[in-house]
Amino acid sequence: MRNTKDETYYNLMMVPAMALLFVFSIVPMFGIIIAFQKFVPARGFFGSKLVGLANFQTLFTFPDVGQVFFNTIFIAVCKIALGLVVPVLFALILNETPFHGFKRVVQTIVYLPYFLSWVVLAVIFTNVFSYTGMVNGFLGLFGAQPRMFMIDNAVFRPILIGTDVWKNFGYSAIIYLAAITAIDPGLYEAAYIDGATRFQTIRLVTLPSIVSTIVLMATLSLGNVLNAGFDQIFVMYTPLTYKTADIIDTYVYRMGLINLQYSFATAVGLLKSVVSFLLIVVSYVLADRYAGYRIF
């Protein structure tokens, strides 16, 4: 009876959160009907004409939609790949540092950018990569001509990917550092007795011990293939960089709220949501199969 009462209290604590979820996430899902209508705000949901899949057919006739999907997938995949490799390398290097005080200071420094808003970071990076900014000043020491990095399609996409990895790798490294600390010290002692060098110890002991964590993080990241980072791109890109930086989320924002094409924007957003849901399901199936991770 006591356990039942405790569970009741815990369930009651969830009621406010579930109410907010229902009001702001479940109820608005009724709005997906707009994707199948020629929506007119003055007529509302029930007065607008149903057009079936016409909006989705229009989606595949727009010449810039293919570029938008390519930008989304390319940027997201690069962020996911580097977001796995860089934290693992950083965690391995930091773990080999013998100075514990230095290790804690470095870990804190690289961890802090995760808590900074992209609004703040966009201002910083815009100044750093500006025509008279720090990067052009440094390159000028070697005789290079200044470049407008923030409006140059050739380099703007790498800037987006690099700054995102810089912001998040410190936070992601905590997971791998935690996995490394859980490794049995006896494995390292056995490796040293057998004459293994530090690099061999990393390759034969540390990496195999955390490979399940790496696989888990990789499979869970699969669900974010169509999420290239709306907040970052929205505050950093300009019309001059639409060609290489415009993603699905920013495209939906412009079509729906700026160009007032509500039905078309809803169709694009719905298609993205359905594909993302399928990818999330696949990622959790893979996580269960290869890393033994389950939510339910």
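This is a short tour of a predicted model, going from salt bridges to a surface patch and then to a pair of helices.

Residues are numbered from 1 along each chain as its sequence is written. Because the model is predicted, local features need pLDDT of at least 70 and side-chain atom pairs count only at pLDDT 80 or more, while totals for chains, interfaces and linings use all residues; side-chain values use heavy atoms, with hydrogens and water left out.

**Salt bridges**

Side chains of opposite charge can pair when their charged atoms come close. Here a salt bridge is a side-chain nitrogen of Lys or Arg within 4 Å of a carboxyl oxygen of Asp or Glu. By this rule there are five salt bridges.

Select Lys79 and Asp164. Their closest N and O atoms are 3.9 Å apart, and the two form a salt bridge. This pair links distant parts of the chain, 85 residues apart: Lys79 is in helix α4 (residues 65-95) and Asp164 in helix α8 (residues 153-181). Helices (H or I, at least four residues) and strands (E, at least two) are DSSP runs, numbered from the N terminus. Lys79 has 10% relative accessibility and counts as buried; Asp164 is buried too, at 14%. Buried means under 20% relative accessible area, exposed over 50%, and partly exposed in between (1.4 Å probe, protein chains only).

Next, select Glu96 and Arg198, a salt bridge with its closest N and O atoms 3.2 Å apart. Glu96 lies in the loop between α4 and α5 (100-111), and Arg198 in helix α10 (residues 198-221), 102 residues apart. Glu96 is buried, at 18%, whereas Arg198 is partly exposed, at 49%.

Then go to Arg147 and Asp152, whose side chains meet in a salt bridge at 2.4 Å, N to O. Arg147 is partly exposed, at 34%.

**A nonpolar patch**

Show the surface and select Met14, Met18, Leu20, Leu21, Phe22, Val23, Phe24, Ile26, Val27 and Met29, which make a nonpolar surface patch of about 1000 Å². Areas come from the Shrake-Rupley method with a 1.4 Å probe; for residues, only the protein chains shown count as cover. Val27 sits in the loop between α1 (2-26) and β1 (37-38) and is partly exposed, at 45%.

**Two packed helices**

Finally, select α5 and α8, which pack at about 135° with their axes 7 Å apart. Axes are lines fitted to C-alpha atoms, for helices over the stretch in contact, and angles run from 0 to 180 degrees between N-to-C directions. α5 and α8 are therefore oblique to each other (under 35 degrees is roughly parallel, over 145 roughly antiparallel, 65 to 115 roughly perpendicular, the rest oblique). In α5, Gln107, Val110 and Tyr111 meet Phe169, Gly170, Tyr171, Ile174 and Leu177 of α8, contact being heavy atoms within 4.5 Å.

Notes
Patch = residues over 30% accessible without salt bridge, like charges linked within 9 Å, V, L, I, M, F, W, Y side chains within 5 Å.
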